[in-house]
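Here is a short report for a first look. Keep the sequence and the 3D view open while reading.

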Amino acid sequence: MRHPVLGFVVMIAAASLLILPLSAHHEITAKFDPAKTTRLQGIVTYVDWANPHVHIFMNVGAGASMANWAVELESVIDLQKAKYTRDTVKPGDSLTVEGIAARDGSRQVWGNTVTLAGKRIFNVPEETVNRAPGGPTPRWPDGKPRLGPAPTTTGLAATGYWARPSMTILAENGTNIRANKNGLLANIADAPKVAPFQPWAKDLFELRQRNRLADDPQYLYCLPPGGPRQFQQPYGIQFVEDNERQRIFVLIGGGNRNYRIIYLDGRSHVGQVGGDDDNPLYYGRAVAKWNGQTLEVDTRGFNEDFWFTNGGLPHTEQLKLLEKFTRTDFDTLRYDVTIDDPGAYTRPWSTGWTLRWVGGADLPVHFCQDNRP
Amino acid sequence: MRISELPIQPWARALLDYRLENQLEPHTRCKPSGGPRQFLTPYGVETAEMPDLKQIIIMDLGGPHTYRVIYMDGRPHPVDLQPTYYGHSTGKWDGDTLVIDTVGFNEKFWIDRQGTPHTEKLHMTERLTRTDYNTIKYVVTIDDPGAYTKPWTSGFNFRWTANSELFEYVCQDNNYAPDLMVGAQEFVDRTSKIVP
């Protein structure tokens, strides 16, 4: 079957053969149509080795019908973890790509399988997450738990971060909602059960879900993952506890490698000294205190320009968060959050999940802005 | 150092001339900007010195609200380094001077505001000396055999800003780059070798 215009391109609408990517950083089905199964053979012209998604460009077809296609793959971080590099394919290489084509009809395909000289490349195996209990919670000399790394005995810098959230959507405690890594519901009929929405907020949430999260500002504009969303990122978060200055930096692995500051110096929710006064912010204004083994963080002053959760639950400038961080053992961080936003919800509501320690490394370097021009 | 004194290779000189003319700096499109450019934003930086972690973290105010890590544990640079905006930095104290050694840069940013070129071969040495309470003397040596005929050194001073602290500046707040993304154009072209 050879399309007269598309050359070697073969498009088969085969809804029964859906192969979906495992860990993409935006909702792949927002941009690509799983029903548009596509097979391309072509010659590589350019490799754009950049986060959040690598693109391989290749010429498909010959003569007047030759066209340049963009093949979208996982992130640099995921591909490097699977031992691929920017030199794995080079201009001039002949590739076979099986994947799904863009909904908008542009010459773009999500590469499910890529084959070079008969060998499959760029496959990223799914990680298995060990959730067995770890060793004892590391502590500061005064007995408070350390949320970040503890000094080593080897002389090496202390590193480590939290990743692999056990829940990737914000759904109220007690609900049993299935969603994928981006917060896309398995069943849209579950939408009203996710949270005690006000009617407008439920409608907006359902609209974002029906659009397959295509208007997610974190993907479209690289806007920051403020609120609980920073603890749902595929690359995790890192705490840097600056006791001398009574503040904790939360280094954020998704988005643009941002940092958020949590103050423990007893200040109230006012604008930072000499800074941004009372502007509504992406990360809000966070003040915290220890309550026993738990760090309690009270954050307000958010703007409305971003999604504060995976999956696109709405919020307003009235949003107040109470976040609780408990390191229950060396390898486990319990995160609980109460959402108090009378602008979008009928009552305060709570949820939570755990994150898993990744030792001996700092956050992978991820800039959303990287593959933008 | 004057531009005319730079030991610059002809291709890099041509690129610098193009950039001086066009001024399409990646920083203005919210790209992170490493090298000396990290210190050349209007709002400055703050350092978080974490001696027990053996790291110094430099928090940026300008740009995409990000940070740079300097490892102070004597580790070598990794051999399989993938190029990044900030490269891989190790530091040590030489008397009262912090000496930072950085390799592994990508070529997607400018190292200063005028567009002085660099390549992935850049090996940068920075020397930071707090000469008095209000002043850090910053001296940087650019060793990049891909763009220059010999290493060269330049620098400037940082000034302390009292009674201030980090605040939220997010370049992407006003981000129009999606217009230029793959898929936004009918014809996809990423073949230009010049980072504009």
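## A strand and its partners

Strand β12 (residues 285–291) of chain A pairs with β13(A) in the antiparallel sense, over 7 bridges. Strands here are DSSP runs of E, at least two residues long, and helices are runs of H or I, at least four, numbered from the N terminus. Two strands pair if DSSP finds at least two bridges between them. Val287(A) has Asp298(A) of β13(A) as its bridge partner. The hairpin of β12(A) and β13(A) has 2 residues between the strands, and Gly292(A) there takes a positive phi near 65°.

β13(A) also pairs with strand β14 (residues 320–329) of chain A, antiparallel over 6 bridges. Val297(A) stands opposite Glu323(A) in β14(A). Strand β13 covers residues 294–300. Leu295(A), Val297(A) and Thr299(A) form its covered face. Thr294(A), Glu296(A), Asp298(A) and Arg300(A) form the uncovered one.

## How to read the model

The model is predicted: local features need pLDDT of at least 70, side-chain atom pairs count only at pLDDT 80 or more, and totals for chains, interfaces and linings use all residues. Residues are numbered from 1 along each chain as its sequence is written, while chains are lettered from A and ligands numbered from 1 in the order in which they are written.

## A loop in chain B

Pro78(B) lies in the loop between β3 (67–71) and β4 (88–94) of chain B. Pro78(B) counts as exposed because it has 10 C-beta neighbours inside 10 Å. The cut-offs, with C-beta atoms placed from the backbone, are these: buried means 20 or more other C-beta atoms within 10 Å, exposed 12 or fewer, and partly exposed in between.
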